[in-house]
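Visitor: I have a protein model open and would like to talk it through with you. Could you put it up here?

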Amino acid sequence: MLNLKTIFKILGSLLWIEATLLFCCLMVSCWYQGTDTIAFLWSILITIASGCTFRVIGLNSNNTLGRRDAYFVVAVSWILFSLFGTLPFLISGYIDNFTNAFFETMSGFTTTGATIIDYPEHLPKGLLFWRSLTQWIGGLGIVFFTIALLPSLVGGSVKVFAAESTGPIKSKLHPRLSTSAKWLWMVYLILTTACILSYKACGMGWFDAFNYSMTSTATGGFATESGSIMSFHSPAEEYVCTLFCFLSGVNFTLLYTSVAGFKLKKLFRNSEFRFYTTLVASFTIFIMLELIFRRSYDVEHAFRSSVFQVVSFITTTGLFSDDAAQWPHVTWVVLAACMFFGGCSGSTSGGIKSLRGIMLIKVVRNEFRQILHPNAVLPMKIDGVNIPQSHRVTLLAFIGLYLCLTLVCSFTMIAAGIDSTNSITITLSCLGNVGPTLGLEIGPTMSWDDLPDFAKWIGSFLMLVGRLELFTVLVLFTPSFWKEN
């Protein structure tokens, strides 16, 4: 069965890392003399003590993981991180409900960005920084972060990476996974640093620049103001946010190999990148024309609002520069399509990923050809690489399961009295790790606090399932997973 000693050892190490992250927030709280200092102090002590307990249980482990162990440890790690991440909110009293605290933390680590806090500007600086930091760490993955930082503590790291990474096709930079992880985190750090400096150059304060850069590059969406980026009334900051969210929606391995190797042609030859940019461009033009002719926006304002919202939705960031709830309803359909597709595989964005969109189109095209030529053997190639039949079956299983989950959870919420538009977009938003929703009860600029508790638990579950791309979590609910052989 499960190698529990090794699992406990890994979980203990992860909690120590979380305690270190909480310590960073404690320093921020002390610097700004916030009222949350004691809450962070207690959170750190509880997390360290729990980490030590797990490490003691995991003593004398053989430091190896099977495939079953890898899937289990990844799913449990995200739940455990979220559980201990609720401590600063609960101890400080700024969120006095465990359901709300867990929803907020899970939304942070999965980079969903849905919040139950109506006015984040009322929170002390330490808690605001903690919200942003949860998204930044969750952007590339909690366990992936551990592989980069402490490779020796994660046995069977390749299996763990396979369970946590996004996209149907895994690519490698280096034979050693820990080296690849460090290179990808370097790309992430460079993007974040450039984003901080760009926000600062546009007039944003250092604290806001750090927070918004972490949520922009993680495509998360938590803001320090209830009005999101719109609060600053700065077109320059909106363009900066759009640019860095767009870049964070690109495959990080592709970014590294094309930019670091000065091979920009490789970037534009990549079919997933072309599909991703085509979606952004076409959706932006459509919404821009709708805003010009039906809402009387001037051209620049229409372009800025449309490209910001399209990039925010397709990269599943969730920041907003305009109230899309006031736009023509046909634009909601376009934004819902953005929620569904998402950015590129191997990026910080959610959704089904653009690569799966390309694969789905090619599968349908091959089916039409097969009707005309029943005996033909039709390969499916992406960027010159033939996609094996097993990947095509997995693709259809993924899309089918994604749609079934959307249908079941939407139906459950509608049956409980939530309006149909909200129910569908809440489900798509959580499953795609998007953040905003479209509807009358909860719009794209509103918090989710008014949702009943059961809907928040469904949302939390969908966020986790969506972030780990369905199978990693749902396989734990199959009888075959728990059979000894």
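Visitor: Is Cys-25 buried or exposed?

Guide: Cys-25 counts as buried because its relative accessibility is 0%, where buried means under 20% relative accessible area, exposed over 50% and partly exposed in between, with a 1.4 Å probe and protein chains only. This is a predicted model, in which local features need pLDDT of at least 70 and side-chain atom pairs count only at pLDDT 80 or more, while totals for chains, interfaces and linings use all residues. Residues are numbered from 1 along each chain as its sequence is written, and side-chain values use heavy atoms, with hydrogens and water left out.

Visitor: And how far is the sulfur of Cys-25 from the closest cysteine sulfur?

Guide: The closest cysteine sulfur to that of Cys-25 is in Cys-24, at 6.6 Å, which is too far for a bond; a disulfide is a pair of cysteine sulfur atoms within 2.5 Å. Cys-24 itself counts as partly exposed, with 36% relative accessibility.

Visitor: How many disulfides are there in the whole structure?

Guide: Searching the whole structure gives zero disulfides.

Visitor: What does Trp-130 touch?

Guide: Setting aside neighbours within four places in sequence, Trp-130 is in contact (heavy atoms within 4.5 Å) with several residues, among them Cys-25, Leu-21, Leu-22, Phe-40 and Phe-109. Trp-130 is also listed, with Leu-133, Tyr-199 and Trp-448, as having the most contacts inside the largest nonpolar core, which has 134 residues. Such a core is a set of buried Ala, Val, Leu, Ile, Met, Phe, Trp, Tyr and Cys residues joined through side-chain atoms within 4.5 Å.

Visitor: Which helix gives the most to that core?

Guide: Helix α1, residues 4–31, gives the most, with ten residues; helices here are DSSP runs of H or I with at least four residues, strands are runs of E with at least two, and both are numbered from the N terminus.

Visitor: Switching topic, where does UniProt place the "binding site"?

Guide: The unreviewed UniProt entry places that feature at Thr-111, Thr-112, Gly-220, Thr-316, Thr-317, Asn-433 and Val-434. Although these positions are spread over 324 residues of sequence, they cluster in space, with a largest C-alpha distance of 8.3 Å. UniProt positions are given in the numbering used here, feature names are shortened, and annotations may be inferred rather than shown by experiment.

Visitor: Where does Thr-112 lie, then?

Guide: Thr-112 is in the loop between α5 (98–109) and α6 (125–140), and it counts as buried because its relative accessibility is 0%. The side chains of Thr-112 and Asn-433 are joined by a polar contact of 3.2 Å; a polar contact is a pair of N or O atoms within 3.5 Å, where within protein one must be able to donate a hydrogen and the other to accept it, and residues adjacent in sequence count only if both atoms are side-chain atoms.

Visitor: What about Gly-220, where is that found?

Guide: Gly-220 sits in the loop between α10 (206–217) and α11 (235–248), and it is buried, with a relative accessible area of 0%. Leaving out residues up to four places away in sequence, Gly-220 touches residues including Thr-111, Thr-112, Thr-316, Thr-317 and Val-434.

Visitor: Last one, how many helices and strands does the protein have?

Guide: The secondary structure comes to 21 helices and two strands, and buried residues make up 59% of the 485 residues.
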